[in-house]
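Here is a short briefing to read alongside your viewer. Have a look at the fold, then follow the notes on strands and helices.

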Amino acid sequence: MSSEQNTYTRIPLPSQCSGRMDFRELRYARAMEFTIREINNSTDLLPGITLGYEIYDSCAAVPMAIKIAFQFASGMEPFINDSNVCPKSAVSAVPVLVGESDSTPSISMARILSLFGIPQVSHFASCACLSDKRQYPAFFRTVPSDQHQAAALARMVKYFGWTWIGAVRSDSDYGNYGMASFLKAAQEEGICVEYSEAFYRTDPRSKIERVANVIRSSTSRVIVAFLASGEMQVLLEELVRNPPPPLQWIGCETWIINAKFFNYTMCTGAIGFSGPPAVIPGLHEFILDLTPAKALTSPLFTELWESSFSCSLRGSTEDTRECDGTEDLHAILNPYTDTSQLRNTIKVYKATYAIAHAIHGVICNDTKCDKSIQFSPWQILNQLRRVNFTTKNGQKVTFDSNGDPVAVYELINWQVQKDGALDFVTVGRYDSSKPKEQELSISNSISWVGGQTKVPVSVCSERCPPGTRKAVEIGRPVCCYDCIPCAEGQISNRTDSLNCMQCTPEFWPSAKRDSCLPKPVEFLSWDDNLSIILTVFSVAGAFIAVCVAAVFYRHRTSPIVRANNSELSFLLLFSLALCFLCSLTFIGQPSEWSCMLRHTAFGITFVLCISCVLGKTIVVLMAFRATLPGNNVMKWFGPPQQRLSVLAFTLIQVIICVLWLTISPPFPLKNLKHYKERIILECGLGSAIGFWAVLGYIGLLAVLCFVLAFLARTLPDNFNEAKFITFSMLIFCTVWVTFIPAYVSSPGKFTVAIEIFAILASSFGLIICIFAPKCFIIMFRPEQNTKKHLMGKVLSKSL
């Protein structure tokens with residue numbers, strides 16, 4: 001809109017539009033003219049009624065739009081009333097109007113027209129704010145609300161994995177409301193915006209240059225441009241001066257199908273939503289039916305003709321040649337003549353038909369129309385709320401409670417064709433009437449920035465692989481994060497996991513911590529090297545005990561065997577063999593029976609063994625005491641008493657074991673606490689008191705035996721067995737005293753191995769200390785295996 005300097009000495013001249021004509025807007029105006037002519041020629045819609053129209057240029061400026069709205073509401077002819085007095089008989093001469101194209105002028109007009117109940121049907125004002133019927137009760141439109149376009153854009157950005165984007169918008173109602181809707185939808189989809197800049201095409205160049213510099217220095221490779229065509233052109237002209245790195249442009253409906261931006265190669269691969277294409281039969285011929293003579297009838301047509309052919313219809317000038325009459329609109333392609341898709345022009349067609357159907361509903365019945373009926377704009381308004389029809393070219397027209405149509409978009413991609421030219425290619429669709437997960441459908445034949453076929457990447461942080469979790473960086477958007485490995489015992493089995501999951505107690509994370517694997521089970525198995533070694537020693541010990549028993553049996557009449565209580569010796573050898581063999585019960589996978597057997601067998605056999613040693617020690621002590629004059633104590637320690645004492649001592653241990661097994665027996669246990677990464681199969685003690693009672697009773701007998709043997713160590717005898725018993729008990733007690741802390745602190749299967757080692761060590765100590773010297777004499781010193789030799793020391797000391 002042109003402006004002049006007010007002098008305040010005369011009435012200002014009426015405002016005028018200046019600058020270059022927008023050919024696309026002229027096509028919209030002519031589409032309304034074509035539609036009205038089509039309606040007037042119809043025999044079904046408004047038969048016998050002729051619709052009239054007036055077309056005004058608002059210059060896309062709010063002051064001009066407001067001025068025209070007042071003229072519509074007052075019935076005044078534009079620019080003819082130079083007096084400052086409103087005509088008294090002025091009434092609304094326009095009951096309804098089509099327009100405006102831009103949102104901001106439409107808002108200004110809707111506020112005024114709504115006061116008078118004059119309905120307004122816009123074909124391209126998509127601001128979501130216009131859906132508010134409290135503020136704009138008389139506003140309708142055939143273009144979907146930007147609320148749907150914003151949701152579609154956010155869904156598409158999420159679909160391609162772009163979580164780090166830039167955003168620019170027009171500093172107008174269209175841009176601000178549209179971007180606000182997009183940012184809200186983007187936040188719900190988990191998309192972060194690196195920057196959001198706003199400007200208007202009339203802003204100082206310094207501001208536009210600042211916006212361009214923000215784009216150049218950004219790290220995001222995707223930019224959402226919620227811009228009107230004017231702002232888009234200004235921005236691209238500034239960016240061309242110093243091109244930024246390749247950007248993937250995401251466009252809105254206002255510019256994504258504007259072919260004039262094909263000149264900017266930086267937008268190659270741009271993608272965005274627009275209305276589906278349509279065909280309006282006869283429109284192409286109508287708008288091209290223009291000759292130089294017809295063009296001179298209207299200043300708009302004159303400007304169109306002269307701009308299209310760079311000539312003058314009113315004679316030549318210094319800069320322009322005169323049109324020679326050979327010019328033909330069919331031979332050129334510009335936004336006015338291009339009717340190949342009509343994505344937005346069809347909305348003008350539907351808006352005009354909606355008005356015609358509303359008027360039809362007011363003045364027509366089933367048979368005829370009464371042109372004499374006086375009607376008011378509010379009646380048209382009520383009829384518009386109820387329109388529901390399908391045009392001749394298959395376009396369904398209806399309005400919801402907000403005056404909006406169903407949102408249907410096609411996803412447009414700027415692709416380079418074989419001839420090197422850019423063209424609009426449909427690569428997807430968005431339909432708001434479908435279920436949420438089915439609204440957006442996208443094909444794979446998309447050309448991206450620079451004509452690449454690979455989807456560009458635009459993220460603030462690389463995706464966190466399985467086995468890690470996101471950790472948001474303080475002070476930065478949620479899309480900027482670090483990837484932290486899951487803590488010990490936790491996993492994440494999907495990409496970009498927010499949290500790690502704890503594995504169940506019997507499972508442990510894999511090396512990459514992306515899955516829970518069963519923990520390996522550990523126990524002292526038969527094929528373990530340690531088990532094989534212990535088994536060899538156990539069998540060897542039992543074999544040695546059997547061999548010693550065989551030697552003793554063969555020389556059972558010899559003095560040395562008879563002198564050492566052969567009956568207890570054989571019983572001791574038998575118990576030692578059992579001690580060696582009971583260690584085998586500790587090897588293998590624990591079961592209910594093996595757990596009960598290993599502890600009870602160990603406890604009973606060792607008590608039997610110590611009881612025999614204790615019996616031998618008591619016999620030695622009593623034998624020398626019986627040699628004193630008048631002492632007949634040996635009658636109380638004969639063979640029956642010895643057998644009874646061994647049985648009594650052993651029976652006590654048996655009772656302890658029975659009580660242990662009855663009250664709280666040992667049981668197989670999965671130890672999950674000792675090692676985090678594996679399971680230890682072991683035998684739970686059941687009752688700890690029972691276990692320590694068994695060990696304590698063995699220890700009590702061993703200490704008692706040691707004390708008695710220690711007291712008998714100085715008794716005269718060439719072969720004093722008490723010395724050997726003392727050494728054997730010393731070894732026995734030492735082994736089991738050191739066993740306790742080792743048993744408590746040893747991990748896993750080594751606990752069992754230490755217990756087996758203690759059994760074998762104490763058993764070998766007994767068999768070696770007690771029987772090895774005797775076997776050595778029997779086998780290698782037979783001359784010492786005589787009663788004289790055994791008694792020699794006693795006699796010498798007596799003398």
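**The sheet and its edges**

S441 in β15 is the bridge partner of R429. Please keep in mind that this is a predicted model. The notes below begin with the strands and then turn to the helices.

Strand pairing
- Strand β14 (residues 422-431) and β15 run antiparallel and are joined by 3 bridges.
- Both strands belong to an open sheet of 8 strands with mixed pairing, in the order β5-β4-β6-β7-β8-β13-β14-β15.
- At the edges stand β5 (192-199) and β15 (440-442); each has a single partner strand, so one side of each is left without a neighbour in the sheet.
- On average, neighbouring strands of this sheet are turned by 25° against each other, direction ignored.

A helix on the sheet
- Helix α5 (residues 173-188) lies across β4 (164-170), β5 and β6 (222-226).
- Relative to β4, α5 runs at about 155°.

A pair of helices
- How do the axes of helix α11 (residues 345-363) and helix α12 (residues 377-384) cross, and at roughly what angle? They come within 8 Å and cross at roughly 110°.
- An angle of 65 to 115 degrees counts as roughly perpendicular, and α11 and α12 are therefore roughly perpendicular to each other.
- The crossing in which α11 passes α12 is right-handed.
- On the α11 side, the contact is made by A354, I355, A358, I359, G361 and V362, while α12 brings Q379, I380, Q383 and L384.

Methods. Residues are numbered from 1 along each chain as its sequence is written. This is a predicted model: local features need pLDDT of at least 70, side-chain atom pairs count only at pLDDT 80 or more; totals for chains, interfaces and linings use all residues. Side-chain values use heavy atoms; hydrogens and water are left out. Axes are lines fitted to C-alpha atoms, for helices over the stretch in contact, and angles run from 0 to 180 degrees between N-to-C directions. Helices (H or I, at least four residues) and strands (E, at least two) are DSSP runs, numbered from the N terminus. Angles under 35 degrees count as roughly parallel, over 145 as roughly antiparallel, 65 to 115 as roughly perpendicular and the rest as oblique. A crossing is left-handed if the near helix is turned anticlockwise from the far one by less than a right angle, and right-handed if clockwise. Contact means heavy atoms within 4.5 Å. Two strands pair if DSSP finds at least two bridges between them.
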